[in-house]
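Please study the sequence and the model shown here. The text that follows leads through selected local features, and then through the chains and their contact.

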Amino acid sequence: MAKIAQRGLIRARELYEHREARAQELANKGKKVIGYFCSYTPVEIFTALDIVPYRIQGKVGKPAEKAGQYLESIVCPFVRSCFDLAIGGEYNFLSGAVIPHTCDAMHRLYDIWKYHLKPPYSYSLYVPHMTHQASYEFFQKEIENLKTGVEQFVGRSASEKDLIRAISLHNHSRALLRKLYELRKQEPPLISGSEVMWVLIAGMTTPIQEFNELMEEVVAEVRNRKPSHDTKPRLLISGSEVDDDSLMRLVEESGANVVMDDLCTGSRFFWQDVDPSKGAIPGLAERYLGVTCPRTYRPGKAAQRFSYLGDFIREWKAQGVILYTIRFCDTYQLDAPEMKDYIQSLGLPVLFLEDTYVTSPIGQWKTRVEAFLETIEARRE
Amino acid sequence: MAEETKTEPKQKTSSAKSTESAKKIRYIVKRMYQKAQQAKEQNLKVAYCMVMCNYEEILEALDVVQVYTENYAGLCAVKREAEQYMKKAQAEGYSDVLCGYAQVGIGFDAWRHELGGAMPPDAPDGGMPEPDVLLGCSMGCDPRWKWYQALGRYKDTPIYNMEVLMPPSDADFDAIKDYYVRYMAEELRGLIAFLEKQTGKKMDYDRLTAIVKQVEETRQWWRKAYDLRRALPCPMSTQDHFVIFVPHHMLLTDPITLDFYKGLYDELKGRVDNKIGVIDDERYRLLWGVGIPPWHSMYILDYFQEFGAVFAAETAYMIPEPFEMPANVKDPVELIALRAFERNSAMQRRGKEAGSIPPLAQAHLERIRDFSIDGVVMHITRSCRAATMGQILTRQVIRDHYPRMPVMFMESDIVDLETYSEAESKNQIDTFMEMVGTYKKSSR
């Protein structure tokens, strides 16, 4: 098992590189670790029951050797990659899996995962696609059901107080991440997009208490950095699952600073707090149904739906946007052209990249990224 | 644009039909689009809709004319006229692997937008009229509501996207029933409020109740007719099914629909009584497994008949599960919500009771058992994730229960002709039918 450094960004990087190591170590000591997908799973339920939530991820660039026997070739390549790792035994340390019904791929993955991997515990969490008042009420019931199921699995229950405590821990983590993101507003930013990626992945794979300690160190470490004087184009990356730093590295090594993101594995994962004032479960339902993934319907025209993106662009002074989608992701593909229109209406250039994840073309994107950065440089001049 | 991308029909793409009922459908479809195009003259509101959303009765009760956009895309594919709209959508920035139906629909409306609201030239069957409302639904797949949101690029048409729930396969159905039904009912009430505002009409709940009852009667007749296909020889093939579903899915509340399925029953009963099969010498019975068919080349299904094989059943465009209307539920909205829950959890329940069989696989196992099936054909469609993902799992479950039963995966698309190779499909069918022959011989 990999030996992980003790502190700060070095620890975050090592946790990123050996992302399953800490959870595996805890599982070996008898701790329950439950795997989950997507930004829509209310992980506070696990924390309240002293279970480690572990966000299931794929492996960019690793061929999905076994998945082809189980999943059709037109299935989301991210899902294929995750399943490939699982069927290859890399997720054997998980005691269970929570797969939210977020998109078609996730919905159908549930039966396949359960049939072939036979996890001791599994739950398909129905996340409403709509955001009507009744949708929130329904989602509360679903979260209650999830809680009941996990309680039965571990043989203990979580009180309202336990839930509020867990919410508080996760809200603290979110606040620290937002602090870190504040440090990206500077010109140039005090932390790179790649470094942020390491931190985020560490947060998805370690117990929240440990992550909060790490975050305190990381924020202090980054805050004490001496700002450099180089002024590179400032980019925002918007898309779905980016759980690997190769895209960030490519962009940053090509001469840009990634200063903000709108990713399932980025700001979308932590931006909003849970407000427990009306009760823990209603707070969780409201917060998680508020996640801005294209799989949830939000009424209104583009300017209204993507206004949060406009706010990010303005506040982080982004000068260009990379729209990153994974092939076969219908919900993102149906939003992308309108999102592109919206960003362009704000006067920013957009680079649209479609990834195949497993056989990622990231290496081939260098020329396109460089040309895009030249466009931004020309505008800056 | 029409000149640049339009593909002229090269050949007849439809399959051979064995029933007189199926032969009526082309006329019914033409009439359906004509009526929709005339709706504006009659001051009626037109809705873009998706099939099987449980809102048909509500639309009928408020005199909203229904235009089923997925199926218009299917019609374009049958006529090999889909490509021009797909190319338009792709030029607008949409992915070439996005749902083929959505590509056609978005391309169609983008083109209409470009023409200042005029109908794209030579649109099949006169084209889809400009909608007054867009009514998506979450059941089935994501594009079924996301597509209408994307149309916001081209029109300011009011949208109501509605949740229709599909419970997970291993749910505790008794525990979830109450809040599932409650949510569905609230979604339907939201739709009624939305449509009352858009149409300026008030819902007549007695009329709605009557329509709900009529729909149930229609379904009973279709189910009775469908079950006659268990007979040997099979009186009607999947080729017929893939047009016969049209009145139910797109004209559910039309007065002709009930009579159509009664007529279908009579016709099939006559064929069964007189032992008239789809083909003279039925040697093998096949199941068209999950997967929307290749609308662009339906005649490929006829090729199986050259081996003496008949598609006796299918798991695509299925008849809704039976529903006993409880006498104590008087509110038609509650009734529709309850019906949606019972139907959408029926296969899950039976699969769970049968030993944790995934619902999709359960549907196949039931058809294999009830329709004396010798082999299964599934269609892997490049642009339809929802109907494709899970096919390998289904094959696995079939093999758990029928270890030697041949299962074939045909690969192409629902709309995109470029993915289709006739020679390759025929080669595959040749091999598959050999396996079916061996299987049948050994299982005697």
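Asp125(B) lies in the loop between α7 (100–114) and β3 (133–137) of chain B; helices (H or I, at least four residues) and strands (E, at least two) are DSSP runs, numbered from the N terminus. Although Asp125(B) is not a glycine, its phi is positive, at about 50 degrees. Asp125(B) is partly exposed, with 19 other C-beta atoms within 10 Å; a residue is buried with 20 or more other C-beta atoms within 10 Å of its own, exposed with 12 or fewer, and partly exposed in between, the C-beta atoms being placed from the backbone. This is a predicted model, in which local features need pLDDT of at least 70 and side-chain atom pairs count only at pLDDT 80 or more, whereas totals for chains, interfaces and linings use all residues. Residues are numbered from 1 along each chain as its sequence is written, and chains are lettered from A and ligands numbered from 1 in the order in which they are written.

Asp63(B), in the loop between α4 (56–61) and β2 (65–68) of chain B, likewise has a positive phi, near 55 degrees. Asp63(B) is partly exposed, with 15 other C-beta atoms within 10 Å. Most residues other than glycine have a negative phi, and most peptide bonds are trans.

Two cis peptide bonds may be considered next. One runs from Leu232(B) to Pro233(B), with omega near -5 degrees, and Pro233(B) is in the loop between α10 (205–227) and α11 (238–250) of chain B. Another runs from Glu187(A) to Pro188(A), also with omega near -5 degrees; Pro188(A) is in the loop between α7 (160–182) and α8 (193–205) of chain A.

Chain A contains 16 helices and 8 strands. Of its 381 residues, 56% count as buried. The C-alpha atoms of chain A fill a box of roughly 65 × 45 × 45 Å along the principal axes.

How many residues of chain A are in contact with chain B? There are 40, and they meet 42 residues of chain B; two residues are in contact if their C-beta atoms, placed from the backbone, lie within 7 Å. On the chain A side, α5 (104–117), β4 (121–126), α6 (133–154) and α15 (330–345) each supply at least two residues. The most come from α15(A), with 9 residues.
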